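Trainee: Could you go through this one with me slowly? I would like to talk about what I see on the screen.

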Amino acid sequence: MTAMIGIDLGTSNSLCAVFEDGQPKLIPNSLGSVLTPSVVSISEDQRVLVGAAAKECRVTQPERCAWVFKRLMGTDRKVEIGGHVFNAPELSSLVLKSLKEDAEAYLGEEVQEAIITVPAYFNDNQRNATKLAGELAGLNVRRIINEPTAAALTYGFHDRGAEKKLIVIDLGGGTFDVTAMEIFEGTLEIISTAGESMLGGEDFTDRLLGRVLKAQQIQLEIAEVKHPLLVSRLRQECEAAKCTLATNSEAIIRIPDIQGKLAEDALTHTITRDEFLEMVDPLVKRLARPIAKAVRDSRIAPTDFHSVILVGGATRMEAVRDFIRSFFGVEPLCSHNPDEVVALGAAVQAALMQDDKAVDDMIMTDVCPFTLGTEIIKEFGRRRVDGYYFPIIHRNTTIPVSREEIVYTADPNQRQVRVGVYQGEGRKVEDNLFLGELEVTGIPPGPSGKPIHIRFTYDLNGILEVEAYLPETGKKFMTVLTQHAKLDSRSDINAAVEKLQKLKFYPRDDVKNQHLIQFAERVIGEVSPFQRDDLEMVIDQFEQSMASGDREWFERARENLLTILAELGFCYDEDDQEFSP
Ligand code: ADP
Ligand code: MG
C-alpha cells in the first residue's frame, strides 16, 4: 500500500503525520522538529526557504518573507516576496512540498497521497484553495477534513471505549473553531461546529504590538510602512512576551531602533499579565459567540459536556483558559499536546481511509459547517423582491447528505430558471458566498408557479452536486461544484505548476545550515556593534566554508559560529530549535 500522510496546514505552524505500526506518528522535518513554521522566504540568491529558517529571516528581511497566508486562502490576494508574486495556494504549496519531502525522507519512499486539515469554518472556496495547494505540491489530496474533527479523532483513537460528549476549542494562529461531538462505542459523531476565520493568536500579538508602539507614540499602520524592520523585530519580541505571560506575571519587551536593531541599552516596555488581560479582553469576548452557537446547535447544555478539549497554541493563554473554564464550569482538558493533535488525527483519518486494522472499530461522521441553499423571489402583496436565500441543506447536518426542495417559476411563460447556489447563514443571497449556478431550460410555456425540484447532495469530500428536475418534461439538469471557477481553471493550474517548478530550493542537507545562518543573522541585530563585527566575520567564514566543499573547514567554521553565539548568550540548539534568551 502506498503511504498516505496526514497534514495539519496551520496559519502559524504546519505538521505532518503518518499511521505506522497501529499508531499515528509525527514526522520530523530536516531540522528534527515536528513543527514547521508556515513561513516562506526567497533568499537573496533566489532560493526558497520554508519553515524555521524563513521565520528567522522574517525578522531581518520581512520583505522577502510571507506568513499568515492561510488567511488569504480563497481570495485573489497576491503577495510579492523577493521579486516573485504568489497567491495563497502557491505559498501553501511550498509549505506542503517541504512537508512532503520530510515525509519521503522519513518513510524512504515517494509520498503522493495526503489528507489535509482545514478549520471547520473554512467555506468551500477556502477548502478548494487548500485542495489546489496540495495539487500544486504534487499531492493527491484524498480528503479535506476539519481540524477539530481531526483533534477529536486523536482523542477518540486513544479513548475508544469512552461514552462522552466532547467539545473541541481550537484557537490557532489565525483561526478559531468550536466543535461539539459525541463518542460512543468507537463511533465519533460530530454534532455541530462554528467558528471565526479571522481570530487567532496573531491578533493577540498584534494588540500587544499596537500597544507597545503606541506607548512610543508610533501608530502601527504607519510604522509598518515606514519602519518595517522595527515592526518585524518588535513583533517577535511581542510574540515572545505573549508566551512568557502564559506562565509569568510580567514580561519585558525590548524596543528596537528604526533599523530593527536591539541595542544593549535598548528601551524596554514592561507589561504585566493584568495589563495584557485587559488589552486582549475584546478578543477574548469574541470567543463567546462561536462557542455559544456551537453549543446551541448541539442541543447539549454547556455543563453536560464531559470534556472540553483545548487545541491550538493560543489556548495556552491564561485569558483564554479562564474564559473557557467559566463558560463550561469545568477544567479544560489538554492531555495531548495542543500543537500536535490535529496532525495526529489526520493520520488516524488516513488509517480509516486505508482500512487499517488498528482502526476497524472506529467510525466517524462529520457535519457540513454552513447552510447551503439557493435564491428565490419573495412576494409582498403585489411587490416582488428577489435576492432571498432559501436553505436546502441546513448547517450542522450530518454528511453525506442529500436534500430536495421545490421552487416555482415566477412568471407566466417563463422558459428558463437560473438556480444560484450559495453557502452561508445570511437572509439574503448577497450576504452569502456564491458557489456556482445551474441553468434549467426548456420549460414549456404556461402559467407561473411551475414546480422545479432542486436536490443538493453534499459528500464527505465537500463536493456539492446540484440537480434540478422538471416534472412537466421529465428533464434533469445537473452540475457538480468541486471548485470555484474563478480560482483555478486547468490552464491556470498548469501555469502555476510550471512557475513553481522553476523555483530553486536548497538541498535538504543544506536547510540546517541555512537555518543556522538566518538565526545568526537575526542575532546580529541584537548585539552591540562591537560584538557584531566578530559575529559577522564568523558568519562569513561559515558561509564560505559551506561553499568550499572542504569538510574540515566547514566543521571548524560551524563550531566557531556556535561558540560565538553561545558566548553572546544565544544558545542555538539544533534539535528542538529552542534558543535563549
Ligand atoms: P495554527 O494551527 O494556526 O498554525 P498553532 O496551533 O500552531 O496555530 O498556534 C499558533 C499560535 O499560538 C501563535 O499565535 C502563537 O503565538 C500562539 N502560542 C504558542 N504558544 C503560546 C504560549 N505559550 N502562549 C501564548 N500563545 C502561544
Ligand atoms: Mg491549528
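Trainee: What classes of residue make up the shell around ligand 1?
Mentor: Keeping in mind that this is a predicted model, the shell around ligand 1 has ten polar residues, together with four charged and four nonpolar ones. In total, 18 residues surround the ligand, and Ser12, Gly173, Glu239, Lys242 and Gly313 are the closest.

Trainee: Which atoms of serine 12, asparagine 13 and glutamate 239 lie by its oxygen atoms?
Mentor: For serine 12, a polar backbone atom is 2.6 Å from an oxygen atom of ligand 1, and for asparagine 13, a backbone N or O atom lies 2.8 Å from an oxygen atom of the ligand. Glutamate 239 instead uses its side chain, where a polar atom lies 2.6 Å from a ligand oxygen atom. The protein covers 89% of the 580 Å² of accessible area that ligand 1 has on its own.

Trainee: Changing topic, is helix H4 mostly buried or exposed?
Mentor: Eleven of the twelve residues of H4 are buried, so the helix is largely enclosed by the rest of the structure; among the buried ones are Glu147, Pro148, Tyr155 and Phe157.

Trainee: And how far does H4 reach?
Mentor: H4, which covers residues 147-158, reaches 17 Å from its first C-alpha to its last, and that is close to the 16 Å expected at 1.5 Å a residue.

Terms used. Residues are numbered from 1 along each chain as its sequence is written. Chains are lettered from A and ligands numbered from 1 in the order in which they are written. This is a predicted model: local features need pLDDT of at least 70, side-chain atom pairs count only at pLDDT 80 or more; totals for chains, interfaces and linings use all residues. Side-chain values use heavy atoms; hydrogens and water are left out. A residue is near a molecule or strand if one of its heavy atoms lies within 4 Å of it. A polar contact is a pair of N or O atoms within 3.5 Å; within protein, one must be able to donate a hydrogen and the other to accept it, and residues adjacent in sequence count only if both atoms are side-chain atoms. Accessible areas come from the Shrake-Rupley method with a 1.4 Å probe; for residues, only the protein chains shown count as cover. Ala, Val, Leu, Ile, Met, Phe, Trp, Tyr, Cys and Pro count as nonpolar, Asp, Glu, Lys and Arg as charged, and the others, Gly among them, as polar. Helices (H or I, at least four residues) and strands (E, at least two) are DSSP runs, numbered from the N terminus. The expected span of a helix is 1.5 Å times one less than its number of residues. Buried means under 20% relative accessible area, exposed over 50%, partly exposed in between (1.4 Å probe, protein chains only).
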